Amino acid sequence: MGFVKTRDISREIRERCGVFAVVGHPKASELCYYGLYALQHRGQESAGIAVLNGGRIQTKKGMGLVADVFTKDDIVRLRGGSALAHVRYSNVGDEGGIEDAQPISVKMWQGQMAFAHNGNLINAPRLRARLEQDGSIFQTTSDCEVIPHLMAKSGLNDPVKALIKSLSDVRGAYSLCVLTSKGVIAAKDPHGVRPLCLGKLDGAYIICSETCALDAVGAEFIREIDPGEVVFIEEAEHPGSDVGRAKPPVSCYIDGARGKRGMDLCVFEFIYFARPDSDLYGINVHAARKALGRRLAQKDSLSADLVMGIPDSSLSAATGYAEEAGIPYEMGIVKNRYIGRTFIAPTQPLRELGVKIKINPLRKVVSGKRVVMVDDSMVRGTTSKYLVGLLKAAGAKEVHVRISSPPYRFPCFYGIDTSSSGELIAAEKTQEQIRELIGADSLAFLDVEDLEEILGRRAGNLCTACFTGKYPIPLEGEYR
Ligand code: AMP
């Protein structure tokens with residue numbers, strides 16, 4: 001009898017990747033370790049830290065959660081003043097595996113470097129095919145690996161110049177960090193789809209995906225990296241010490257990006273990806289989600305006994321809904337937070353007995369009640385269908401599903417692994433058909449205009465391609 005490993009029920013579609021880099025701190029690898037802990041929600045498949053010590057880069061990577069990958073000894077051994085760290089969830093088409101774990105460390109004629117990114121390079125297949133025909137030998141299936149190959153062929157000795165030249169060939173969404181023998185280069189794509197921000201701690205600089213990681217290490221937020229911006233932070237030479245102080249960041253722009261005003265930050269960062277205690281462009285994610293929940297309630301005229309969220313990502317929206325509707329907020333289900341990747345799924349006979357290890361409803365709370373179940377998004381409808389069934393089996397009289405985002409109709413090619421519209425429940429079904437399929441008593445979504453009104457006004461342009469099909473970065477090849 002074989003045990004089957006499964007992912008969390010809401011994990012079949014995948015979010016991807018968090019990056020965290022430090023320049024000029026004697027405890028750079030320790031900061032990376034805690035920074036990765038704070039970014040664990042952005043990827044649980046692999047984790048890695050690369051450190052720069054005496055011009056050489058040393059890397060430790062492994063599969064699984066940050067806590068599984070690094071021992072205390074690893075962190076002590078990874079000595080150096082600058083470091084780059086990454087947590088990953090696998091890309092579209094990736095086989096995954098340790099060889100795709102980042103940072104990807106390479107020895108090029110310009111020197112040793114390590115690369116880590118969050119996003120998806122949509123022309124990577126074409127670039128890779130061209131590079132391979134020219135003789136490049138790839139070590140991973142990661143789209144990120146085209147960047148060192150382009151840099152190696154750039155003819156430019158200076159890594160910053162070589163990176164800028166290479167990025168002008170790359171299309172897609174990326175927030176990228178490169179550890180070089182001098183420090184860290186960070187770059188955000190000209191549309192600014194994925195987040196990346198700059199912070200400071202004791203004279204050291206930190207670049208990371210979300211502000212919650214700055215908080216985790218006690219660093220001060222300085223600013224967001226601009227769309228199209230390339231920032232280089234050098235670790236100064238320090239005679240007598242192997243850790244130099246960080247020099248002030250120097251910025252330049254990817255070709256054509258300078259002066260581009262707007263941006264297209266992924267709206268799903270607000271809806272689902274980012275941690276509620278992070279701020280994106282000055283907007284707190286929890287506050288944003290709460291406002292979306294309030295808007296759902298403003299458009300509703302439902303009488304119900306309680307409002308509940310789905311731990312953890314929809315709890316902010318559910319509290320917003322409850323406050324606005326004046327309906328008590330309750331805990332309708334409990335999620336077991338200690339189920340890691342190595343969880344062994346129950347065997348079929350146990351499954352048939354209804355073993356609820358991951359999620360269990362609070363029978364006494366929901367039994368006989370008219371329940372409003374708020375979730376942040378509906379992609380394939382799997383989660384809603386499962387939970388409506390669970391709540392009804394626990395005795396809920398009515399279950400009204402409210403989604404604090406619009407119907408997800410179009411695949412994302414910029415970093416969310418929903419690559420085919422066949423998987424998306426709202427792509428072909430009407431709202432009534434979806435309601436019936438998930439077994440809810442009623443169903444409502446937000447409109448794109450609601451998102452734009454609540455988030456867009458302050459955040460600038462948002463990428464809403466998954467709801468509208470309007471892709472800000474032109475698609476090509478297999479992604480079209
Ligand atoms: P689905 O079950 O396919 O309808 O997906 C929606 C559910 O998964 C919601 O409960 C979301 O909180 C969660 N979710 C949304 N986007 C993602 C993602 N990219 N990765 C994992 N879970 C997600």
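Select helix 1 first: its buried residues (under 20% relative accessible area, with over 50% exposed and partly exposed in between; 1.4 Å probe, protein chains only) are Ala28, Ser29, Leu31, Cys32, Tyr33, Gly35, Leu36 and Ala38. This helix spans residues 28–38 and is mostly covered, with eight of its eleven residues buried. Helices (H or I, at least four residues) and strands (E, at least two) are DSSP runs, numbered from the N terminus.

This is a predicted model, in which local features need pLDDT of at least 70 and side-chain atom pairs count only at pLDDT 80 or more, while totals for chains, interfaces and linings use all residues. Residues are numbered from 1 along each chain as its sequence is written, and side-chain values use heavy atoms, leaving out hydrogens and water.

**Whole chain**

Zoom out to the protein chain, which has 17 helices and 23 strands. Of its 480 residues, 57% count as buried. Contact means heavy atoms within 4.5 Å; among contacts between residues at least 6 apart in sequence, 69% join residues at least 24 apart.

Next, select residues 159–167, helix 6, where seven of nine residues are buried. The buried ones are Pro159, Val160, Ala162, Leu163, Ile164, Ser166 and Leu167. Show strand 6 (111–121), helix 5 (146–152), strand 7 (172–179), strand 8 (183–188), strand 12 and strand 13 as well; they are among what covers these buried residues.

Within strand 12 (residues 229–234), pick Val230. Val230 is buried, at 0% relative accessibility.

**The largest nonpolar core**

A nonpolar core is a set of buried Ala, Val, Leu, Ile, Met, Phe, Trp, Tyr and Cys residues joined through side-chain atoms within 4.5 Å. The largest has 48 residues; select Phe268, Tyr408, Tyr414 and Phe467, which touch the most other members. Elements giving two or more residues to this core include strand 14 (265–266), helix 9 (285–298), helix 16 (448–459) and helix 17 (465–468). Helix 8 supplies the largest share, six residues. Colour by domain, with bounds from an automatic or database domain assignment: this core lies between domain 1 (17–263) and domain 2 (276–479), because both give residues to it.

Asp264 is in the loop between strand 13 (250–253) and strand 14. Asp264 is buried, with a relative accessible area of 11%. Beyond its neighbours within four places in sequence, Asp264 is in contact with His191, Gly192, Val193, Asn461, Leu462, Cys463 and Pro472. Now select Tyr414: leaving aside neighbours within four places in sequence, its contacts include Val193, Arg194, Cys463, Tyr471 and Pro472.

**The cavity**

A cavity is a set of points, on a 1 Å grid over the protein atoms alone, where a 1.4 Å probe fits but cannot get out; lining residues have an atom within 4 Å of a point. One cavity of 30 Å³ or more is counted. The largest cavity holds about 70 Å³ of space, the volume being that filled by probe spheres set on the points, which are joined across faces, edges and corners. To display its lining, select Val193, Arg194, Cys266, Cys412, Phe413, Tyr414, Ile416, Cys463, Ala465, Cys466 and Tyr471. By class, ten of these are nonpolar, none polar and one charged (Ala, Val, Leu, Ile, Met, Phe, Trp, Tyr, Cys and Pro count as nonpolar, Asp, Glu, Lys and Arg as charged, and the others, Gly among them, as polar).

Definitions and conventions: On a 1 Å grid over the protein atoms alone, a cavity is a set of points where a 1.4 Å probe fits but cannot get out, and a pocket is an open set with protein on both sides within 12 Å along at least five of seven lines; lining residues have an atom within 4 Å of a point.
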